[in-house]
Amino acid sequence: MKRFFYKSQQTAVGAVLLTVFLLLVMPEGARARLKSAIGGLFLPVVGISTTGQAAIESLGQLGSTAGYGSPTSNQTLGQDGGHPFSLSDLQLENAKLAEENRQLIEARNWEPRIPWETKLARVVGRDTFNWWRRIKINLGSNKGVRFNQPVISLRGQLVGRITEVGPLTSWALLVGDPNCKFSALIKDKDSRSQGGIVSPRQYNPDPRVVELTYLPNDVEVRPGQEVVTSGLGGGFPKEIPVGKVVDSWVSKDGLYVEARIKLYANLNQLETVRVLTHF
Amino acid sequence: MTGRINKALGLLIGAYLLVFVQSHWSVPRLWLGFQPDLTPALLVCVGLSLGIGQVSTSAMLTGLWLDSLSANPLGLSVPPLFIVGWMMFTFRELIVQDDLVAQFYLGSAAGAAVPLLQLWLLWMVGADPLIGWSMGIWWLVNAACCGVAVPLFAKLGRLLNRWFSHPLHEPNRWPNENRQIVRSKH
């Protein structure tokens, strides 16, 4: 028994070590495919969760519509001594519908102002680790999503870019992730625009704050100046709004200026985004 | 045998749902500013109450699931989780397993150790994660969350075990109503 105990422990340790070793020596392409396949195991639960959420929402709407549309039954219920729809219920429902309406109107209003062809996508998940900033969207290669396509918010502000594309879902790297570096410009009405690189170096508890580095030493950076994408490097098209300058300082070696940027898009509360399909 | 299969199946379903919730439920992120990772607490419970086979299986599957939903290299989370589960399993005779305070400390220690090990492994493989001193706050809160989660997971495990397991058949149990010899004057 004692021998079996030690043997089973050795087997368990050996199995774990072997798995990790095999994953390490596996070719990069095969490992990416395996990762995508394992991640795909969650698709049924994502589907159930999304459908369940939609069903609950539609049931709520059905209930409220039935309530509005049937005054007779309301009166009958009222005569029974109960008040099926109190004023606070109706106000709550009204506020919810107004918010939904506002979001839809906002999306529609911003649509013509965005000069690129976009596809709306719903955020269905996030990276499980806090040292990466990525979101999972419900569009994949079946809807024409491709690697490196820019992702913007409903209002057209920069959110990130597509890094992994699956058949039904994709992962987008958010601005603020250490692997999402791009060239940006500080727009100035009085003088020429100055360019730098958005390259996050350390964890910031506020996901909306990123660093803009390698700005020329002679440039005057003021809080409130607007930052947009430069279009250099080919990653993002020109003039996507990124954020506003919070503060700036000269780097330790004195060779360039660095600035902190507050992003326009609230990356912690993204529900719907646009993927730029043609730009 | 069926009981063991039930336990393993329940454990894997629980781990799967935990990883799914961590990735797709963003309410904690909105409230706390980060997403707590409770998988170390799960491995503490597994190490304290189940066998080494379940420890290695749950560490491997949970680690692979976590990494598949993240930018981590696939398999990176497996060794830290396995180390936690294996240590709990090896030293469980020395631990007061049913004590709430002991469970809290074990969960907190695991919740603190696993992210550090994961970050160390990330550096070893040359990845460039986002780190900073302000991460210390979420590291501490995450450890506390794991500490609180261990007693809850242990209680949930006992509850599920009671609901879904058959009582063990013990022929020599006494008093045994089926085999009791009733003596009479005849």
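## Interface of chain A and chain B

Between chain A and chain B, 16 residue pairs are in polar contact, both residues at pLDDT 80 or more. A polar contact is a pair of N or O atoms within 3.5 Å; within protein, one must be able to donate a hydrogen and the other to accept it, and residues adjacent in sequence count only if both atoms are side-chain atoms. The model is predicted: local features need pLDDT of at least 70, side-chain atom pairs count only at pLDDT 80 or more, and totals for chains, interfaces and linings use all residues. Residues are numbered from 1 along each chain as its sequence is written.

On the side of chain A that touches chain B, α1(A) gives the largest share, ten residues. By class, that side divides as follows.

| Class | Side of chain A that touches chain B |
|---|---|
| Nonpolar | 22 residues |
| Polar | 13 residues |

Ala, Val, Leu, Ile, Met, Phe, Trp, Tyr, Cys and Pro count as nonpolar, Asp, Glu, Lys and Arg as charged, and the others, Gly among them, as polar.

The two chains bury about 4,300 Å² between them, with 68% of it on carbon and sulfur atoms. This is the accessible area (1.4 Å probe) lost on being put together, summed over both. Phe42(A), Trp131(A) and Tyr203(A) lose the most area in chain A, together 20% of what that side buries. In contact (heavy atoms within 4.5 Å) are 43 residues of chain A and 46 residues of chain B.

Notes:
Chains are lettered from A and ligands numbered from 1 in the order in which they are written. Side-chain values use heavy atoms; hydrogens and water are left out. Helices (H or I, at least four residues) and strands (E, at least two) are DSSP runs, numbered from the N terminus.
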